[in-house]
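Please look over the chain shown here with its aromatic side chains and its surface in mind. The briefing is meant to be read beside the structure.

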Amino acid sequence: MSRYTLTGGSARALAVTLLLGAVSAGLYFLLFLYSDRLVELAAATRQGEKLYALIPIAIALVFSFVHGAFTGRFWELLGLRAKK
């Protein structure tokens, strides 16, 4: 039998939620750590290097996926679900 946490979620669900939260926090840390480089890429984009415009889009997609997965699992772990 598995242990249950909070509102009945399994220990595995808690572990996945914590992992996704840590990955999300790590992504924010990296964003702040490399913010100067992103500003440089924006300047290069304005100077004609149009391919660099894809980098912020890719970063936004990764953030959206990871943070969205974390948020969804977090609320589900607490037992909150949307009405159907």
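What follows covers the overall layout, the aromatic pairs and the surface.

This is a predicted model, in which local features need pLDDT of at least 70 and side-chain atom pairs count only at pLDDT 80 or more, while totals for chains, interfaces and linings use all residues. Residues are numbered from 1 along each chain as its sequence is written, and side-chain values use heavy atoms, with hydrogens and water left out.

**Overall layout**

- The chain has three helices and two strands, taken as DSSP runs numbered from the N terminus (helices are H or I with at least four residues, strands are E with at least two).
- Read from the N terminus, the order of these elements is β-β-α-α-α.
- Among the contacts in the chain with a separation of 6 or more, 71% are between residues 24 or more positions apart, a contact being heavy atoms within 4.5 Å.
- Of the 84 residues, 17% count as buried; buried means under 20% relative accessible area, exposed means over 50%, and partly exposed lies in between (1.4 Å probe, protein chains only).

**Aromatic pairs**

- Rings of Phe, Tyr and Trp (its six-membered ring) pair if their centres lie within 6.5 Å, and planes under 30 degrees apart count as stacked, over 60 as edge-to-face and the rest as tilted; by this rule there are three aromatic pairs.
- Tyr-28 and Phe-63 make an edge-to-face pair, with 4.9 Å from centre to centre and 75 degrees between the planes.
- Because Tyr-28 belongs to helix α1 (residues 11-33) and Phe-63 to helix α3 (residues 54-77), this pair ties together parts that are 35 residues apart in sequence.
- Phe-63 is buried at a relative accessible area of 14%, whereas Tyr-28 is partly exposed at 35%.
- The rings of Phe-74 and Trp-75 have centres 5.0 Å apart and planes at 70 degrees, so this pair is edge-to-face as well.
- Both residues are partly exposed, Phe-74 with a relative accessible area of 32% and Trp-75 with 40%.
- Phe-70, Phe-74 and Trp-75 are linked by ring pairs into a cluster.

**Surface**

- The chain exposes about 6800 Å², of which carbon and sulfur atoms supply 68%; accessible areas come from the Shrake-Rupley method with a 1.4 Å probe, and for residues only the protein chains shown count as cover.
- Phe-29, which lies in helix α1, is exposed, with a relative accessible area of 54%.
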